[in-house]
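Reader: I am new to reading protein models. Please take me through one part of this one, slowly enough that I can follow along.

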Amino acid sequence: ASVPRYVTSRWVYWIFGMMFYVLLLSVLNRAVRRAANKHRAQTNSVVFNRLFFVVCVTWSLYPFIWIATVGLRAVSFTMEAYSFSALDVIAKASFGVIFLVSVPKPHHRVSSSPEGKEPKAGTDEQVRFNNNKGLHRRRRPS
């Protein structure tokens, strides 16, 4: 018995797509390495590597789901939809959580005024306050 043509072409397209997937991962790997080297900080390098690992692992699960659902027709269409949806949520959520947890938080500038509030605009105190913050606003002559 011969295999229907649509089944054969499905696998040919999958193999073709996987070749581009491997190419995409290699380009992404090179870009991540360059970015990590450019920033040189140990923290940034670790963050880049973690995020790249999450992307590689989660993206690599999609072809396996395709094989089980579309390629082999081993599960129902409903299970296919649930599988791809769950993987989408896991991929995006894990990337977002690792990014938010791993990226260093910026330091916020604390007010230099004694009460913690800015002085009223147009006063000498305001000019000194702004100069302390590095704003260097000029006071308009009255």
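Author: This is a predicted model. Begin with Val47, which sits in helix H2. Is Val47 buried or exposed? Its relative accessible area is 8%. The cut-off for buried is under 20%, so Val47 counts as buried.

Now look at what surrounds Val47. Set aside the neighbours within four places in sequence, and Val47 is in contact with Ser102 and Val103. Along the sequence, Val47 and Val101 are 54 residues apart. In space, their C-alpha atoms are 9.5 Å apart.

Next, the pocket. Val47 is one of the residues that lie nearest the centre of the largest pocket. Phe48, Leu51, Phe95 and Phe99 are the others named there. The lining has 16 residues in total. The volume of this pocket is about 230 Å³. How is such a space found? Rolling a probe the size of a water molecule over the atoms shows where empty space is left.

Which helices build the lining? Helix H1 (5-39), helix H2 (42-71) and helix H3 (77-102) each give at least two residues. H2, the helix of Val47, supplies the largest share, with seven residues.

H1 has 35 residues. From first C-alpha to last, H1 reaches 51 Å, close to the 51 Å expected at 1.5 Å a residue. Buried residues occur in H1 as well: Arg10, Tyr21, Leu25, Val32 and Ala36.

How many salt bridges does the structure hold? It holds one. The side chains of Lys92 and Asp88 form it, at 3.8 Å from N to O. Side chains of opposite charge can pair when their charged atoms come close. Both residues lie in H3, four residues apart, about one turn of the helix. An α-helix has 3.6 residues a turn, so residues three or four places apart point the same way.

Lys92 has a relative accessible area of 56%. The cut-off for exposed is over 50%, so Lys92 counts as exposed. Asp88, at 32%, is partly exposed. Val47, at 8%, is buried.

Key. Residues are numbered from 1 along each chain as its sequence is written. This is a predicted model: local features need pLDDT of at least 70, side-chain atom pairs count only at pLDDT 80 or more; totals for chains, interfaces and linings use all residues. Side-chain values use heavy atoms; hydrogens and water are left out. On a 1 Å grid over the protein atoms alone, a cavity is a set of points where a 1.4 Å probe fits but cannot get out, and a pocket is an open set with protein on both sides within 12 Å along at least five of seven lines; lining residues have an atom within 4 Å of a point. Grid points are joined across faces, edges and corners, and a volume is the space filled by probe spheres set on the points. Buried means under 20% relative accessible area, exposed over 50%, partly exposed in between (1.4 Å probe, protein chains only). Contact means heavy atoms within 4.5 Å. A salt bridge is a side-chain nitrogen of Lys or Arg within 4 Å of a carboxyl oxygen of Asp or Glu. The expected span of a helix is 1.5 Å times one less than its number of residues.
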